[in-house]
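Me: Please take a close look at one part of this model, the place where the two chains meet. Describe it and then follow the elements involved into the rest of the structure.

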Amino acid sequence: MTDATGPMVAADGRPLKASLNRALRRQKMRALLLISPLLFFIMITFIIPIGQMLFRSVENQIVGDVLPTTVVALDAWSVKSGEAPGEEVFFALTQDLVLAAERKEHTRLGSRLNYEDPGISSLFRKSGRNVEVMGEGYAKQFDALDERWAETNTFSEILADPEWLADAAQVETAADMDRFEVNEDAATYLPRTVAAYTSFANYMIADKGKDPAKSKPWNTLHLALFEDLRAAPEITIASAYGDMLRTAAAAVPTFETETLSASFAKIDKDWLDPDVWSTIKRYSPSYTNGYFLNAIDMEKTVDGPAWRPEDQQIYLTLFWRTLLMSMTITISCILLGYPVAWLLANLPARTANLLMILVLLPFWTSLLVRTSAWKILLQQQGVINDIVVWLGLVADDNRLALINNATGTIIAMTHILLPFMILPLYSVMKTIPPTYLRAAKSLGATNWTAFWRVYFPQSVPGIGAGSILVFILSIGYYITPEIVGGTKGVFISNRIAYHISSSLNWGLAAALGTILLAVVMLLYWAYDRIVGIDNVKLGG
Amino acid sequence: MLQSAKLLDLVFIQECSLSCQDLRGTSVSKSGNESAFVEFERVQKSYDGENLVVKDLNLSMPKGEFLTMLGPSGSGKTTCLMMLAGFETATHGEIRLDGVSINHIPPHKRGIGMVFQNYALFPHMTVAENLSFPLEVRKIGKSDREQKVMRALGMVQMQDFAGRRPTQLSGGQQQRIALARALVFEPELVLMDEPLGALDKQLRETLQFEITNLAHQLGITVVYVTHDQTEALTMSDRVAVFDDGRIQQLAPPDELYEAPQNSFVAQFIGENNTLEGVVKEIKGNTCIVQLDSGDIIDAIPVNVAAVGDRTKVSIRPERVEFNKDRLKAGAHTLKAEVLEFIYMGDIFRTRLRVAGVDNFIIKSRNAPDQVRLTPGQQIEIGWLAEDCRALDA
């Protein structure tokens with residue numbers, strides 16, 4: 001089947017490798033088919049949500065989505081000018097905010113920016129309520145000029161593409177209308193009004209299911225119209241509305257004007273604070289490293305990332321504490337679990353089984369129950385303190401603080417994670433035949449030497465497996481530190497949970513989670529480099 | 001079975017047969033004998049407090065002897081070895097090493113070398129580290145250590161493997177290393193617990209030879225446990241056959257084979273034909289046994305006390321004669337029918353029906369003048385009375 005020069009070929013003359021692959025492909029496909037339900041399940045319920053969650057740590061589209069024109073208008077402004085941006089930015093803000101307020105998006109944006117600059121949330125909430133009155137003065141003046149301005153269909157007649165208007169008249173319900181299409185001519189001489197009306201019309205059709213021509217236009221449309229007409233454009237519209245527009249354009253210079261920045265300042269004087277605008281501008285890109293900077297106690301400033309003031313730094317301390325306490329827990333588990341695993345592996349089967357049940361017993365009890373039990377045992381008036389006081393080891397007025405601190409977390413977590421150390425240790429020890437110890441003793445080693453030189457090195461893979469398991473579990477543990485940890489004994493995961501469920505700063509939670517994941521991966525990698533992952537055994 | 005028969009003819013160790021006499025002397029000697037190196041005196045062992053695994057064991061070995069404990073599994077032989085090594089404590093009795101009671105000496109202070117069935121080489125150490133381990137715990141200097149390790153590796157021709165890990169070695173190589181490790185700290189007594197059990201036949205035979213040679217060269221005392229009778233017969237100076245927690249017979253190999261003291265030993269060592277019957281007459285060192293079929297045969301009384309006792313008569317297949325010319329005149333003969341003839345190369349193995357028993361075997365050498373029997377043939381068989389031993393029923 002082989003010839004001296006070419007590659008091996010199968011009986012039919014194809015390369016042997018290809019034949020082999022073809023033969024194996026069926027098996028592989030079948031194997032894949034067997035795991036596909038699980039794979040599918042994991043994809044849907046685990047990998048995709050986690051990926052999405054992690055994506056939130058950099059995602060920041062809300063500012064650009066809610067304030068699209070403001071963000072563009074802010075381009076020219078810099079916080080270094082020392083004052084709030086000009087009237088054109090406030091105009092853009094009015095247009096964006098009125099739509100956002102209708103859609104109730106301004107509060108979400110407010111909460112988002114509130115993470116970066118506390119107080120912005122209420123600023124947006126207040127402004128959203130009041131923005132609809134802006135331009136009301138202009139609306140009244142236009143209405144006074146020509147009563148047609150008060151009719152609901154005037155704007156669409158002027159600004160809409162005639163074909164779109166004709167189509168719109170055909171549909172049965174407004175919700176079936178196409179997206180608004182602009183009159184190209186109008187767009188040249190009334191650009192702001194067209195832009196404002198487009199968002200108004202689309203909002204009415206898509207969100208409200210109403211015909212924009214039959215809805216009362218927002219005051220901001222009049223504001224935009226006023227701004228457009230003030231520039232004295234050449235009005236080329238042929239219909240009757242041409243004269244009406246020209247009249248309005250002629251009248252506009254005599255209108256009583258409204259200063260938008262002043263109107264906003266009346267809602268909240270923070271609108272004149274350059275820092276607020278700086279925050280909006282800094283968080284306007286769709287992707288941000290802000291969450292990550294926050295997660296390591298830094299912040300975005302105009303001059304780039306900088307450390308937060310010392311009294312506001314918490315996350316690095318928390319990360320460090322989490323690592324340190326996880327290590328302490330892992331080491332405690334090794335020290336307590338090793339002798340038990342040894343007994344399990346070396347006692348006669350009957351006794352070992354009984355002991356194994358005792359080891360597994362905690363698994364059959366609810367985690368919450370176990371943790372709460374520790375609360376009862378460890379508290380100042382608890383069982384352990386009572387016994388120590390009774391024994392006279394500690395004065396009654398000087399009871400040990402065993403709970404709501406790091407000690408409580410370490411004690412409770414060591415207890416809860418102990419089986420995860422004992423089981424891998426046991427399964428490795430089970431594979432070490434007792435003859436090794438006998439051999440060592442027959443060669444003249446004392447019990448200790450035999451253990452340390454012969455038994456222990458062979459049990460190291462079990463220690464490795466148990467340690468990885470316990471360490472990784474404890475680094476992300478939540479419930480136990482939450483219940484017994486107080487303030488000094490909580491982990492980074494408690495902070496993550498806080499941001500997920502209380503502060504609703506999911507971006508920061510995601511950034512913290514990503515960092516935690518990265519740290520675990522890094523430690524795993526380091527372990528692989530130093531000890532070798534092949535040395536980890538869960539048995540066999 | 002075939003093996004053992006051949007070995008008796010050919011490979012019998014001369015030294016052994018020379019020393020048989022005085023060894024037999026020591027085997028019956030009283031405990032506390034000064035020449036004894038290893039002694040078990042009235043040793044009993046029970047694990048559960050209800051059953052005795054070892055019942056009243058008395059054994060005494062001189063220095064330099066190669067003694068094998070042979071027996072079926074569960075017969076107590078490994079327990080005896082473990083008690084000697086110190087891994088099990090005797091429930092009753094005393095074990096002495098060189099005249100000193102070692103009952104309360106922990107294993108690591110006994111200075112006994114041991115080879116285990118599964119080698120028990122430390123997998124996380126190289127071969128050299130394994131060998132140097134017993135020297136390190138004895139605080140022997142580094143250069144001395146290296147020298148001794150290399151010498152021990154030299155003894156088993158494994159110098160080139162010093163840097164390897166045990167897992168990189170074959171079974172035979174591992175066993176050689178285990179042997180070297182048991183010898184490297186120069187113990188006077190070495191225990192071996194079925195050391196060749198996991199090896200294939202050919203390797204086993206080579207290593208059997210090497211182990212006996214090394215033991216004799218170094219003059220060490222060896223207690224060897226096996227359930228393989230060929231191994232026991234070829235290697236040992238004396239064999240202790242264990243059954244039911246007792247030594248059934250302690251004797252040099254030839255005596256064990258040719259003069260078994262009871263029917264267990266006769267059955268266990270080599271191939272054996274057994275006929276059951278009742279003792280009819282005892283005359284000095286011969287007796288007449290009436291078989292259950294009514295036939296009368298001659299035997300020597302070994303384990304029967306009085307006329308009327310039931311007995312199992314044991315005859316080795318190669319001692320059965322069917323050529324009338326070679327039988328002693330007046331010897332009792334039995335009628336037999338040939339059931340099966342098996343050609344085995346060097347010998348013929350023929351199965352007969354004799355006195356109502358269907359599995360009576362005879363073996364004959366494949367000599368030019370040998371008769372080949374055919375199934376269905378009716379023949380008459382007989383034997384010398386001294387080859388036929390009347391044993392306990």
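Reply: The contact between the chains takes 15 residues from chain A and 20 residues from chain B. The model is a predicted one. On the side of chain A that touches chain B, the elements that give two or more residues are H22 and H23 of chain A. H22(A) gives the most to this side, with six residues. Sorted by class, the side of chain A that touches chain B has seven nonpolar, six polar and two charged residues.

The two helices named here also pack against each other. Two packed helices are described by the angle between their axes and the distance between the axes. The crossing of H22(A) and H23(A) is right-handed. H22(A) makes this contact with A:Tyr436, A:Leu437, A:Ala440 and A:Lys441, and H23(A) makes it with A:Ala450, A:Arg453, A:Val454 and A:Tyr455. By class, the residues of the contact of H22(A) with H23(A) are six nonpolar, no polar and two charged.

Chain B can be taken next, by its domains. The domain assignment gives chain B a domain 1 made of 2–112 + 187–264 and a domain 2 made of 271–392. Their contact takes six residues from domain 1 of chain B and nine residues from domain 2 of chain B. The side of domain 1 of chain B that touches domain 2 of chain B consists of three nonpolar, three polar and no charged residues.

Chain B also holds an open sheet of four strands, in the order S17-S16-S15-S18, with antiparallel pairing. Strand S17 (357–365) and strand S18 (378–381) of chain B are the edge strands, and each pairs on one side only. On average, neighbouring strands of this sheet are turned by 45 degrees against each other, direction ignored. One of the pairings joins strand S16 of chain B, residues 347–354, to S17(B): the sense is antiparallel and there are seven bridges. Within it, B:Phe348 has B:Ser364 of S17(B) as its bridge partner.

Terms used. Residues are numbered from 1 along each chain as its sequence is written. Chains are lettered from A and ligands numbered from 1 in the order in which they are written. This is a predicted model: local features need pLDDT of at least 70, side-chain atom pairs count only at pLDDT 80 or more; totals for chains, interfaces and linings use all residues. Domain bounds come from an automatic or database domain assignment. Two residues are in contact if their C-beta atoms, placed from the backbone, lie within 7 Å. Ala, Val, Leu, Ile, Met, Phe, Trp, Tyr, Cys and Pro count as nonpolar, Asp, Glu, Lys and Arg as charged, and the others, Gly among them, as polar. Two strands pair if DSSP finds at least two bridges between them. Axes are lines fitted to C-alpha atoms, for helices over the stretch in contact, and angles run from 0 to 180 degrees between N-to-C directions. A crossing is left-handed if the near helix is turned anticlockwise from the far one by less than a right angle, and right-handed if clockwise.
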